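Welcome! Please take a look at the structure below, and then we will walk through some of its features together, topic by topic.

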Amino acid sequence: MAAEKDQQKDAEVEGLSATTLLPKLIPSGAGREWLERRRATIRPWGSFVDQRRFSRPRNVGELCQRLVRNVEYYQSNYVFVFLGLILYCVATSPMLLVALAVFFGACYILYLRTLQSKFVLMGREVSPAHQYALAGTVSFPFFWLAGAGSAVFWVLGATLVVIGSHAAFHQVEAVDGVELQMEPV
């Protein structure tokens, strides 16, 4: 808990408060709680991108140690790098933006319609899950035309390259002032 408070103070010193990091558009619930936990455990971005801390590992043992320790240590930073790559992919693909607008527009229309009365199709009441499946079906051709499948694989590939190279080449942080030494086998 003390480490989380120190990180929050570090973020506020850098000019980033909790209100600016967490958008108010995200409704309360499991997703918001998960995002708040990620935000609370973010490591300082200055040490994350410090170029003086990058070096080539001496051997495969050190490479594996760096990968494991950096992924554990910078886990929340890596989540935000992943989200940033998703935003970049969506923002640079106009057709993907159109497909997302069609999908969320259809979901919003269904939501408004269910507030007024129950949605009935061919004499049967349609459950909310089926309504959102219908919205997905309607927007599927737009996602297909936009190349959403390739966008997903681009984001996954870019994430693996960026995070993998950072974790492999960033020197590990000392834990409580004690650095573990592994001997090559």
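Let us begin with F103, which is found in helix 7. Keep in mind that this is a predicted model. Along the sequence, F103 and S139 are 36 residues apart, yet in space their C-alpha atoms are 5.3 Å apart.

**The overall plan**

- The chain has 9 helices and 2 strands as its secondary structure.
- The chain has 185 residues, and 26% of them count as buried.

- Helix 3 spans residues 30-40, and its buried residues include R32, L35, R38 and R39.
- These residues lie on the same side of helix 3, because they cover an arc of only 120° around the axis.
- Which exposed residues does helix 3 carry on the face turned away from its buried side? They are A30, E33 and R37.

- T41 sits in the loop between helix 3 and helix 4, the latter covering residues 45-48.
- With a relative accessibility of 26%, T41 counts as partly exposed.
- T41 and S76 are 35 residues apart in sequence, while the C-alpha to C-alpha separation in space is 6.2 Å.
- What kind of contact does the side chain of T41 make with the side chain of S76? It is a polar contact, at 2.4 Å.

**How helices pack**

- Helix 3 packs with helix 6 (residues 75-91) at an angle of about 120°, and their axes are 8 Å apart.
- That angle is why helix 3 and helix 6 are called oblique to each other, as the roughly perpendicular class runs from 65 to 115 degrees.
- The crossing of helix 3 and helix 6 is left-handed.
- Helix 5 (residues 60-73) packs with helix 9 (residues 148-169) at about 115°, with 7 Å between their axes.
- Helix 5 and helix 9 are therefore roughly perpendicular to each other.
- Their crossing, that of helix 5 and helix 9, is right-handed.

**K118 in a loop**

- You can find K118 in the loop between helix 7 (94-116) and strand 1 (120-121).
- Is K118 buried or exposed? Its relative accessibility is 58%, so K118 counts as exposed.
- K118 and P128 are 10 residues apart in sequence and 9.6 Å apart in space, going from C-alpha to C-alpha.

**The cysteines**

- As a reminder, a disulfide is a covalent bond between the sulfur atoms of two cysteines.
- How many disulfides does the structure hold? The number is 0.
- C64 has a relative accessibility of 42%, so it counts as partly exposed.
- C107, in turn, has a relative accessibility of 12%, and therefore counts as buried.

Key. Residues are numbered from 1 along each chain as its sequence is written. This is a predicted model: local features need pLDDT of at least 70, side-chain atom pairs count only at pLDDT 80 or more; totals for chains, interfaces and linings use all residues. Side-chain values use heavy atoms; hydrogens and water are left out. A disulfide is a pair of cysteine sulfur atoms within 2.5 Å. Buried means under 20% relative accessible area, exposed over 50%, partly exposed in between (1.4 Å probe, protein chains only). Helices (H or I, at least four residues) and strands (E, at least two) are DSSP runs, numbered from the N terminus. The arc is that of the directions from the helix axis to the C-beta atoms. A polar contact is a pair of N or O atoms within 3.5 Å; within protein, one must be able to donate a hydrogen and the other to accept it, and residues adjacent in sequence count only if both atoms are side-chain atoms. Axes are lines fitted to C-alpha atoms, for helices over the stretch in contact, and angles run from 0 to 180 degrees between N-to-C directions. Angles under 35 degrees count as roughly parallel, over 145 as roughly antiparallel, 65 to 115 as roughly perpendicular and the rest as oblique. A crossing is left-handed if the near helix is turned anticlockwise from the far one by less than a right angle, and right-handed if clockwise.
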